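Biologist: Hi! Could you show me the structure and walk me through how it is put together?
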Amino acid sequence: MFDPSLITGTLVHYYVTCRREAWLYSRRIHADQWDENIMMGKALAEIKEEQLSQFPFSNLKFDRIGKQRGHYLVTEYKKTMKNPEGAKMQLLFYMWQLKTSLKLKEINGKVISGKKVLFVEGSAENIAKMEALIAEISAFLERPEAPPFHEIPFCKKCGYRDYCL
């Protein structure tokens, strides 16, 4: 049985984007580290680390957390907002982890990419949605083999494309 405590924000993002990518990532099969997009992401992460105060918690590492008007606000910065649902669910995973582990009453979040800002509410409905997604991911990762390849718009710039195309 797959241990749900091994689920990370990145894995949630991959699962929402491409289940095959999530399965490969869960098996510690790494994306092409010389891929232009992977290298750009690493460079941006290094810049962020120098400029932002990170709050490492458990196996989580998100960009910023602060308190605003009586509630916690988690901020995640993204290179692009091409997959807003993946970014939203990754952030919601961080919010769920903090809310349940630290027993926070209220937590919200936002994803920032350039001038675009996506707000994510830590409502009971969204937290329940995340719990259902975690159960779904855990069951999915029980599969002994990767799901078959299905081309989607993200494939052309995916670091795992050599495993698919």
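This is a predicted model: local features need pLDDT of at least 70, side-chain atom pairs count only at pLDDT 80 or more; totals for chains, interfaces and linings use all residues.

Biologist: Got it. How many residues does the largest nonpolar core have, and which have the most contacts inside it?
Modeller: The largest one has 35 residues, and Ile7, Val12, Phe93, Met130 and Ile137 have the most contacts inside it.

Biologist: Which elements supply at least two residues of this core each?
Modeller: Those are H1, H2, H4, E5 and H5. The largest share comes from H4, with nine residues. As general background, nonpolar side chains tend to be buried together in soluble globular proteins.

Biologist: Nice. What about H5, how many residues does that helix have?
Modeller: H5 covers residues 124-140, so to speak a run of 17 residues. From first C-alpha to last, H5 reaches 24 Å, close to the 24 Å expected at 1.5 Å a residue.

Biologist: And which of the residues in H5 are buried?
Modeller: The buried ones are Asn126, Ile127, Met130, Leu133, Ile134, Ile137, Ser138 and Phe140. Looking down the axis of H5, they fall within an arc of 155 degrees, so they line one face of the helix. In general, an α-helix has 3.6 residues a turn, so residues three or four places apart point the same way.

Biologist: What do the buried residues of H5 pack against?
Modeller: Their partners are helix H1 (9-17), helix H2 (19-26), helix H4 (84-102) and strand E6 (116-121). On the face turned away from the buried side, H5 carries the exposed residues Ala124, Glu125 and Ala139.

Biologist: Let's switch to the sheet. In what order do the strands come?
Modeller: Four strands form an open sheet, ordered E3-E4-E5-E6, with mixed pairing. Strand E3 (64-68) and E6 are at the edges with a single partner strand each, so one side of each has no neighbour in the sheet. Neighbouring strands are turned by 25 degrees against each other on average, direction ignored.

Biologist: Are E4 and E5 paired in the parallel or antiparallel sense?
Modeller: Parallel: strand E4 (71-77) and strand E5 (107-113) pair over six bridges. Tyr77 has Ile112 in E5 as its bridge partner, and Thr75 has Lys110 in E5.

Biologist: Is E5 mostly covered or uncovered?
Modeller: Mostly covered, with six of its seven residues buried. H4 lies across E3, E4, E5 and E6, running at about 145 degrees to E5.

Biologist: Last topic, backbone angles. What is phi of Arg28 near?
Modeller: Phi of Arg28 is near 60 degrees, a positive value in a residue other than glycine. Arg28 sits in the loop between H2 and helix H3 (36-51), and counts as exposed at 67% relative accessibility. For background, most residues other than glycine have a negative phi.

Biologist: And Lys103, where is that found?
Modeller: Lys103 is in the loop between H4 and E5. Phi of Lys103 is near 55 degrees, again positive in a residue other than glycine. At 70% relative accessibility, Lys103 counts as exposed.

Conventions
Residues are numbered from 1 along each chain as its sequence is written. Side-chain values use heavy atoms; hydrogens and water are left out. The expected span of a helix is 1.5 Å times one less than its number of residues. Buried means under 20% relative accessible area, exposed over 50%, partly exposed in between (1.4 Å probe, protein chains only). The arc is that of the directions from the helix axis to the C-beta atoms. Contact means heavy atoms within 4.5 Å. Two strands pair if DSSP finds at least two bridges between them. Axes are lines fitted to C-alpha atoms, for helices over the stretch in contact, and angles run from 0 to 180 degrees between N-to-C directions. A nonpolar core is a set of buried Ala, Val, Leu, Ile, Met, Phe, Trp, Tyr and Cys residues joined through side-chain atoms within 4.5 Å.
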